[in-house]
Amino acid sequence: MPSALELAADHPALKQAVQRSRALLHKRALVAAAAGVVPLPGLDWAVDAALLARLIPRISGEFGLLPDQIDRLAPSQRERVQKAVAMVGSVLIGRFITRDLLLRAAQAIGLRLSAGQAARFVPLAGQAVSAAIGYTTLRYLGEQHIKDCVRVALAAQMRLPGPGPQDSTLTPGAP
């Protein structure tokens, strides 16, 4: 399966959005790893939920896929985006992020509940494993969301918001 950067390879503006999103994702995943080290039951889940609640909308915003950004599009463009979201099958794009949506996304991973919770009570090595699982889980969820955003932006041929001198419409084959 191609990475988000490989999917965006022919589109400089899209590639920049992926790079900005990944930088943000890396910082948040480090915070999740730090929370995984603390031996308090449930703390990692609370931190992950808070991080995801802020991270997913920020990533969506990089690609112009926040609900208010989609609402400001021309009707034909909005329809293309909605069709692309349906085609990709994302439950997080173009929606207000709720606790229920985050729980569904986190349950798709399932690793943390068993391995991470049990491992953190083993001194040092267990805390390192818990931190690694926390980092990996958040990175995985974030990377999947970035890929979904790239697919939607490509399918809908969207104009991306945000910084960058090459803020252009994405058309197939156009650099």
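From the N terminus on, the elements of the chain run α-α-α-α-α-α-α-α. This is a predicted model, where local features need pLDDT of at least 70 and side-chain atom pairs count only at pLDDT 80 or more, while totals for chains, interfaces and linings use all residues. Residues are numbered from 1 along each chain as its sequence is written, and side-chain values use heavy atoms, with hydrogens and water left out.

**Exercise 1.** Work out how many helices and strands the chain has.

*Solution.* Start with the terms: helices (H or I, at least four residues) and strands (E, at least two) are DSSP runs, numbered from the N terminus. Counting these runs gives 8 helices and 0 strands.

**Exercise 2.** Find what share of the residues in the chain is buried.

*Solution.* Begin with the cut-offs: buried means under 20% relative accessible area, exposed over 50%, and partly exposed in between (1.4 Å probe, protein chains only). By this rule, buried residues make up 41% of the 175 residues.

**Exercise 3.** Describe helix H5: how far does it reach, and where do its buried residues lie?

*Solution.* Step one is length. H5 covers residues 75–88, which is 14 residues, and spans 20 Å from its first C-alpha to its last. That is close to the expected 20 Å at 1.5 Å a residue (the expected span is 1.5 Å times one less than the number of residues).

Step two is burial. Gln-77, Val-81, Ala-84 and Val-85 are the buried residues to look for in H5. Seen down the axis, the buried residues of H5 fall within an arc of 100°, so they line one face of the helix (the arc is that of the directions from the helix axis to the C-beta atoms).

Step four is the cover: helix H4 (67–71) and helix H8 (125–156) are included in what covers the buried residues of H5.

**Exercise 4.** Decide whether Pro-57 and Gly-61 are buried or partly exposed.

*Solution.* Next, apply the cut-offs. Pro-57 has 22% relative accessibility, so it counts as partly exposed. Gly-61 has 16%, so it counts as buried.

Finally, look for partners of Gly-61. Leaving aside neighbours within four places in sequence, Gly-61 is in contact (heavy atoms within 4.5 Å) with Leu-66, Gln-69 and Pro-161.
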